[in-house]
Amino acid sequence: MSNPQQLRYSKEHEWLTAAEDGVATVGITEHAANALGDVVFVQLPAVGDTVTAGESCGELESTKSVSDLYAPVTGEITEINEDVVDDPSLVNSAPFEGGWLFKVRATDEPGDLLSADEYTAFTAG
Amino acid sequence: MSSTDSAGLRLTALDALHRALGATMTDFAGWDMPLRYGSERDEHVAVRTRAGLFDLSHMGEITVTGPQAAELLDHALVGNIASVGVGRARYTMICRADGGILDDLIVYRLAGTEYLVVANASNAQVVLDALRERSAGFDAEVRDDRDAYALIAVQGPESPGILKALTDADLDGLKYYAGLPGTVAGVPALIARTGYTGEDGFELFVKPEHAVRLWQALTEAGAPVGLVPCGLSCRDTLRLEAGMPLYGHELSTELTPFDAGLGRVVKFEKEGDFVGREALAEAAARAEQNPPRVLVGLVAEGRRVPRAGFAVVADGEVIGEVTSGAPSPTLGRPIAMAYVDTAYSAPGTAGVGVDIRGSHEPYEVVPLPFYKRQK
């Protein structure tokens with residue numbers, strides 16, 4: 001699997017795009033999706049919620065387990081992906097595309113976000 | 001001897017094959033086993049509609065032989081093992097003197113004085129120790145055959161056709177819960193019509209050195225009808241839909257077979273005394289008159305998944321506990337098995353929910369199983 005170069009990554013296995021008009025798109029990585037197995041339910045923050053980097057803002061439920069969804073940056077949720085709420089399998093089939101989870105207007109970001117190459121090395125170890 | 005990896009996990013004879021297939025592996029009772037190869041949901045659906053191939057070599061085989069093999073097993077287990085015909089199998093249990101369940105088992109009668117006892121991987125040593133201890137005074141030998149067998153299962157509606165292409169054995173004459181020695185894909189095998197999926201299917205006990213050859217032959221024979229390799233993840237959702245108990249979840253030493261709704265496996269009418277008889281007779285009376293909790297099925301109205309250990313609630317009170325839960329591919333909704341207070345055990349009981357991380361999600365009480373195949 002390859003992690004798109006243009007994205008940045010958290011150690012909690014979220015990816016985010018470069019901000020466009022201040023808004024970044026967030027999802028979970030293919031590595032995380034594969035580790036979870038078939039995702040059957042996603043609970044996302046609501047539009048207007050403020051999320052905090054490194055803190056839980058939702059959950060992803062798979063056949064075998066439930067995992068917290070962590071916010072990679074601090075900010076306000078501007079949009080959630082209704083398609084993935086209706087069809088959580090998008091997280092598995094297209095984690096970097098149609099399986100995106102939410103958009104956030106970031107006000108602060110942690111200093112330890114990773115580049116694609118750094119994240120690839122992080123998950124290889 | 002079976003091999004182990006660097007983490008000390010035991011590896012089956014098919015280990016290299018699983019890795020070549022890209023399996024996600026998991027530690028199951030000290031064995032490194034395939035959890036899934038791709039999508040566990042797709043594997044589940046394949047077994048329900050076509051066929052799936054499983055490596056179950058972690059299961060614990062114990063051979064009991066000798067003139068008093070039947071008498072020993074009738075004493076050590078709760079079932080009537082002497083009444084099992086040669087070539088037939090029986091689902092049974094081994095209990096402690098206090099009636100607590102040590103394990104659930106399948107016992108195959110291979111010959112008049114030879115039985116194959118198949119225990120859960122997690123309990124195989126316990127069962128072996130108990131059988132040896134209980135064999136004192138019987139003219140019978142208890143042999144640890146865990147390393148003598150690999151176990152491959154082919155399950156699903158297409159499985160008879162797949163197997164027929166690889167054996168001359170009389171599969172049509174092989175009934176559910178029967179087993180016969182034969183040759184499959186050129187290797188000697190005990191061919192058993194048993195499984196843990198709720199589908200028609202077969203379990204093939206072979207020597208470990210023959211496992212790769214058999215697996216590959218089944219893969220090739222099954223490819224045209226959509227057979228796929230399947231991991232333990234879908235095995236769990238398949239057995240849950242079929243309402244089959246899993247040791248450590250629905251069964252434990254804290255429960256008797258009667259508490260688990262499986263009192264029918266205890267045969268008081270058999271000859272001779274057996275371990276647990278007195279306690280089990282009391283448990284039977286208690287279950288009849290005043291059952292504490294009853295095993296029921298629960299179907300979610302929402303999409304959040306109940307897990308083992310979650311509380312079942314009604315009227316703001318805890319009235320039970322989930323023992324197994326998963327999203328059901330067949331029903332399209334989360335399902336669970338749970339022990340609940342008798343007052344809430346009737347199908348359709350209103351106001352029952354599961355506490356999922358603090359939120360009481362509504363659940364419908366339903367009879368088990370959730371799924372029964374059309375014959």
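Colleague: At roughly what angle do the axes of helix 3 and helix 4 of chain B cross?

Modeller: This is a predicted model. Helix 3 covers residues 69–76 of chain B, and helix 4 covers residues 124–134 of chain B. Their axes come within 10 Å. They cross at roughly 115°.

Colleague: Is helix 3 of chain B roughly parallel or roughly perpendicular to helix 4 of chain B?

Modeller: Angles from 65 to 115 degrees count as roughly perpendicular. The crossing of helix 3 and helix 4 of chain B is right-handed. The two helices of chain B are therefore roughly perpendicular.

Colleague: Which residues of helix 4 of chain B meet helix 3 of chain B?

Modeller: By class, this contact has four nonpolar, one polar and one charged residues. Helix 3 of chain B brings B:Leu72, B:His75 and B:Ala76. From helix 4 of chain B come B:Ala130, B:Leu131 and B:Arg134.

Colleague: Is helix 2 of chain B oblique or roughly perpendicular to helix 7 of chain B?

Modeller: The axes of helix 2 and helix 7 of chain B come within 9 Å. They cross at roughly 55°. Perpendicular would need 65 to 115 degrees, and roughly parallel would need under 35. So helix 2 of chain B is, relative to helix 7 of chain B, oblique.

Colleague: Which residues of helix 7 of chain B meet helix 2 of chain B?

Modeller: Helix 2 of chain B passes helix 7 of chain B in a right-handed crossing. The contact has three nonpolar, three polar and two charged residues. Helix 2 of chain B supplies B:Glu40, B:Glu43, B:His44 and B:Val47. Helix 7 of chain B answers with B:Ser233, B:Cys234, B:Thr237 and B:Leu238.

Colleague: In what order do the six strands of the barrel in chain B come?

Modeller: The pairing in this barrel is antiparallel. Neighbouring strands are turned by 45° against each other on average, direction ignored. Six strands close the barrel in the order 16-19-18-17-20-21.

Colleague: What is the bridge partner of B:Glu321 in strand 19 of chain B?

Modeller: Strand 19 covers residues 333–341 of chain B. Eight bridges join it to strand 18 of chain B, and the two run antiparallel. The partner of B:Glu321 is B:Tyr339.

Colleague: Where does B:Asp315 lie?

Modeller: B:Asp315 has a positive phi of about 50°, although it is not a glycine. Most residues other than glycine have a negative phi. B:Asp315 lies in the loop between strand 17 (311–314) and strand 18 of chain B.

Colleague: Is the peptide bond from B:Leu368 to B:Pro369 cis or trans?

Modeller: B:Pro369 is found in the segment after strand 21 (359–366) of chain B. Most peptide bonds are trans. This bond has omega near 0°, and it is cis.

Colleague: How many bridges join strand 6 of chain B to strand 10 of chain B?

Modeller: Strand 6 (residues 60–65) of chain B pairs with strand 9 (residues 114–119) of chain B over six antiparallel bridges. There, B:Gly60 stands opposite B:Ala119. Strand 6 of chain B also runs antiparallel to strand 10 (residues 141–144), where B:Thr65 stands opposite B:Glu141. The bridges to strand 10 of chain B number four.

Colleague: Which are the edge strands of the open sheet in chain A?

Modeller: This sheet has six strands in the order 1-2-3-9-8-5, with antiparallel pairing. Inside it, strand 8 (residues 74–80) and strand 9 (residues 102–108) of chain A share six bridges. One pair there is A:Ile77 opposite A:Val104. An edge strand pairs on one side only, and here these are strand 1 (8–9) and strand 5 (50–51) of chain A.

Colleague: Which elements of chain B give two or more residues to the side that touches chain A?

Modeller: The contact takes eleven residues from chain B and eight residues from chain A. The chain B side divides into three nonpolar, three polar and five charged residues. The elements asked for are helix 2 (40–49), helix 7 (232–241) and strand 18 (317–328) of chain B.

Conventions. Residues are numbered from 1 along each chain as its sequence is written. Chains are lettered from A and ligands numbered from 1 in the order in which they are written. This is a predicted model: local features need pLDDT of at least 70, side-chain atom pairs count only at pLDDT 80 or more; totals for chains, interfaces and linings use all residues. Two residues are in contact if their C-beta atoms, placed from the backbone, lie within 7 Å. Ala, Val, Leu, Ile, Met, Phe, Trp, Tyr, Cys and Pro count as nonpolar, Asp, Glu, Lys and Arg as charged, and the others, Gly among them, as polar. Two strands pair if DSSP finds at least two bridges between them. Axes are lines fitted to C-alpha atoms, for helices over the stretch in contact, and angles run from 0 to 180 degrees between N-to-C directions. Angles under 35 degrees count as roughly parallel, over 145 as roughly antiparallel, 65 to 115 as roughly perpendicular and the rest as oblique. A crossing is left-handed if the near helix is turned anticlockwise from the far one by less than a right angle, and right-handed if clockwise.
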